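Good morning. Please have a look at it first.

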Amino acid sequence: MSKIFSFGFWNSIARVILRNRVLFIFIIILITAFFATQWQNMRFSHTEANLLPDDHEINQVYNDFLDKFGEEGNLIVIAVKDSSLFTPEKFTAWNKLTRDLEKFRAVENVIAIGNLKKLEKFEDPSRFEMVPFIQDKEWNSAQVREYKDDLFNKLPFYKGLVYSENSKTVQTAVYLKEEIVNSIERKDFVLEELQPLIEQFEKDTNLEVYVSGMPYIRTLNSKNITDEIGLFIGAALLVTSLIFFFFFRSIRATVIAMVTVMIGVMWAFGIIGLLHFEITVLTALIPPLIIVIGIPNCIFLINKYQQEIKTHGNQAKSLQRVISKVGNATMLTNLTTASGFAAFILTDSTLLKEFGMVASINIIAIFLLSLVIIPIIYSYMSVPKDKHLRHLNKRWIGAFTDWTERMVRHHRLSVYVISIILLAASIIGIYNIKISGSLLEDMPQDAGFFQDIRFFEEEFNGVMPLEILIDTKQEKGALKLVTLKRMESLENLIAEVPELSTPVSVVRLAKYTKQAYYNGNPKYFQLPTSQEQNFIAPYLKGISGGGAILNSYVDSTGRYARITTFMKDVGTEKMERIEENLRPQINKIFPEERYAVSMTGKALIFQKGTTYLVKNLVISLSLAILLIGLLMAWMFRSFRMILVSLIPNLLPLLVTAGMMGFLGIPIKPSTILVFSIAFGISVDDTIHFLAKYRQELKANNWKIKRSVYAALKETGVSMFYTSIVLFFGFSVFMISSFGGTVALGGLVSATLLFAMLSNLILLPSLLLSLEKSIANKETLKELSIQIIAEEDDILNESEKP
């Protein structure tokens with residue numbers, strides 16, 4: 001196996017690439033064209049991210065609920081909080097808005113003050129009917145005032161549905177058809193039909209309209225994700241190209257690097273389309289990630305080419321040595337980076353699996369592209385001039401490497417003390433980390449739709465549905481008076497929770513039947529007694545118009561009932577406390593031997609999914625460490641070297657976790673990614689340093705100190721270059737409007753910068769302090785693979801035909 005990755009192998013690869021330049025260019029063009037045809041298969045996610053495995057119990061409960069009652073996240077609410085709404089002109093305009101909404105193909109039903117129906121009792125035959133509460137007509141001020149009084153005082157059935165508890169806000173409930181809720185038609189309706197209609201209404205009436213609901217939030221959130229893909233790619237290209245040009249002071253080197261990573265981006269989109277994966281908030285990060293991770297490959301290859309040109313001036317030999325001398329090193333660093341992402345494939349979350357799969361494939365792809373494209377393009381160009389090579393002698397870079405050498409040579413004790421202090425502080429910080437299962441926390445908080453969410457939380461206690469499914473274990477059990485009374489007791493408990501809205505269920509309809517029986521008197525809006533139920537029963541048999549309401553909250557068999565409430569964006573900890581408080585009360589109200597009661601809803605699933613991911617964080621990170629540890633064990637064949645090499649890479653992760661605790665950054669799906677990504681990338685520096693260190697040991701007759709300092713000087717510049725690119729590249733994500741993406745960018749940037757310092761200062765210090773036990777001929781005599789080619793090997797190979 002070691003022969004496969006020998007210098008001779010890479011020398012052969014170099015010859016194949018350079019002798020078949022036209023063929024390789026044609027193959028790259030062909031593959032790129034193929035991937036371009038796959039872009040049409042890309043589609044943006046129209047559903048919430050489900051972080052739980054498909055067979056998880058909580059998902060099964062939710063799917064069971066959907067089977068019985070259909071889609072629960074199909075409600076869009078439109079509200080106005082302005083007393084001038086109840087003036088003839090604006091009241092008429094609001095009623096017209098209702099009629100316009102009812103005409104859209106995507107809309108199933110609209111409940112608004114302009115089309116409300118009331119339950120009315122009729123005789124001969126005895127029956128209830130839902131009749132219009134008002135007629136469409138020309139309104140005067142007195143009539144509007146009378147209607148307002150009747151609505152707020154005589155129709156408690158609609159409290160929390162079309163008007164708020166304090167009767168100051170009026171809302172319209174728009175129910176979308178189930179088949180379009182999770183399709184692209186939802187986007188077309190919201191962006192092309194609903195928003196223009198609302199904007200025109202605001203312009204005509206000078207009323208401020210608030211819009212929310214899960215379909216609306218998801219649509220605008222998806223639009224932001226779509227918009228930010230282009231923003232990230234442009235920003236990543238701009239930042240990395242500026243840094244690249246600053247380092248190399250060469251326009252053509254910068255253009256070559258940008259062309260390489262842009263082809264990588266095209267492949268990334270093509271692979272997403274080929275695999276038919278949806279573009280989510282995670283997969284949207286992959287194209288800019290490829291730019292950020294691909295540029296260090298370009299730096300290594302172009303820097304090596306220019307060093308070779310400066311040494312002997314022979315272009316053909318330089319290009320061959322670019323591939324043969326850094327082929328192994330670049331491959332291995334990309335493999336470790338890909339391993340960090342690939343660890344997510346082993347989780348049970350579909351969202352993370354897809355992200356890990358696409359990211360790891362594309363990291364290997366960008367390695368292959370850079371290894372082939374850069375030497376081929378340079379082979380058609382003239383030899384770099386002296387002005388292109390001046391960056392190799394930058395004094396300030398030398399000053400940086402001199403500083404790291406002084407720290408290692410003279411201040412090792414200080415390095416250890418600082419490391420221990422950081423470790424202790426980090427452990428304290430880790431204990432302060434909180435878990436956030438907020439569905440809304442990462443959304444753009446300056447966006448108008450996010451401000452509207454807060455408005456509805458204040459007025460109606462939230463827009464995220466929380467469903468309670470009640471199995472009475474017998475047909476028609478949900479309509480029995482004893483069950484209705486139990487449900488009313490539970491609703492009263494829910495109403496007392498500040499974070500939950502007034503619940504809605506069949507209980508409300510049952511109360512309304514009693515009110516209607518007593519000729520609409522609102523004081524009778526309550527559950528009927530057993531005796532009253534007997535009187536009311538004949539009227540229920542012929543009920544007209546109330547069937548749709550009944551079917552929404554009781555299944556066709558009458559066995560299952562639902563209670564719907566809406567919750568504020570409370571996060572995981574508070575929601576868990578609410579659950580803990582409600583569960584004993586639910587079991588008390590609904591004895592488990594007679595009823596089965598479960599809580600579900602998309603917001604709850606997201607929170608449970610976050611908790612599930614956190615529990616799997618240690619597993620995925622451990623897998624990444626194990627994969628990379630095995631790779632390094634194979635390379636260095638020394639268990640003690642593995643331990644020493646992992647310490648400088650684990651410490652930055654602990655420091656980052658501590659920072660999250662102190663800065664109040666919670667663990668959530670976006671920040672969970674930080675650790676595996678940062679670890680996979682930071683290990684690259686360790687591999688480069690140890691490979692060069694081993695080479696220097698052999699060249700310096702196994703003199704430890706001389707080898708450490710020589711390796712430090714040699715690798716310090718390339719580590720600095722790549723770390724700076726990665727730091728600013730990941731910092732690009734901080735321009736995002738999504739809080740999670742901002743946190744991801746900032747935390748990964750900080751971790752990688754600290755990892756660079758750790759690998760340049762702590763790692764050499766450990767090697768020097770433990771030289772007798774780990775850095776001897778026995779532990780590093782032969783590597784399993786030849787990471788950096790020896791000059792003797794190069795000379796011998798160059799003599800071959």
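Thr741 has a relative accessibility of 6%, so it counts as buried. Buried stands for under 20% relative accessible area, exposed for over 50%, and partly exposed for what lies in between, with a 1.4 Å probe and protein chains only. Thr741 sits in helix α26, residues 739-769. Helices (H or I, at least four residues) and strands (E, at least two) are DSSP runs, numbered from the N terminus. Between Thr741 and Phe730 there are 10.0 Å in space, C-alpha to C-alpha, and the two are eleven residues apart in sequence.

Before I go on, a word on where this comes from: it is a predicted model, in which local features need pLDDT of at least 70 and side-chain atom pairs count only at pLDDT 80 or more, while totals for chains, interfaces and linings use all residues. Residues are numbered from 1 along each chain as its sequence is written, and side-chain values use heavy atoms, leaving out hydrogens and water.

Now the cores. A nonpolar core is a set of buried Ala, Val, Leu, Ile, Met, Phe, Trp, Tyr and Cys residues joined through side-chain atoms within 4.5 Å. The largest one has 132 residues, and Phe730 is among the members that touch the most others, as are Phe244, Phe355 and Tyr693. Which helix gives the most to this core? That is α12, residues 350-379, with 16 residues. Another core lies apart from it and has 104 residues, including Tyr163 and Phe450. In soluble globular proteins, nonpolar side chains tend to be buried together.

Next, Thr472, in the loop between β9 (464-471) and α17 (481-495). Thr472 is buried too, at 4% relative accessible area. A polar atom of the Thr472 side chain lies 2.7 Å from the backbone oxygen of Arg559, and one lies 3.1 Å from the backbone oxygen of Gln474. For such a polar contact, two N or O atoms must be within 3.5 Å; within protein, one must be able to donate a hydrogen and the other to accept it, and residues adjacent in sequence count only if both atoms are side-chain atoms.

On to helix α15, residues 412-430. The residues in question are Val415, Ser419, Ser426 and Gly429. On the face turned away from them, α15 carries exposed residues, namely Leu413, Ile420, Ile421 and Ile428.

Last, the aromatic rings. The whole structure holds 25 aromatic pairs. Rings of Phe, Tyr and Trp (its six-membered ring) pair if their centres lie within 6.5 Å; planes under 30 degrees apart are stacked, over 60 edge-to-face, and the rest tilted. Phe86 and Phe152 have ring centres 6.0 Å apart and planes at 75 degrees, so this pair is edge-to-face. Phe86 is in the loop between β2 (75-80) and α4 (88-102), and Phe152 is in helix α5 (residues 141-154), 66 residues away, so the pair links distant parts of the chain. Both residues are buried. They also belong to one aromatic cluster, together with Phe91, Phe133, Trp139, Tyr147 and Tyr163.
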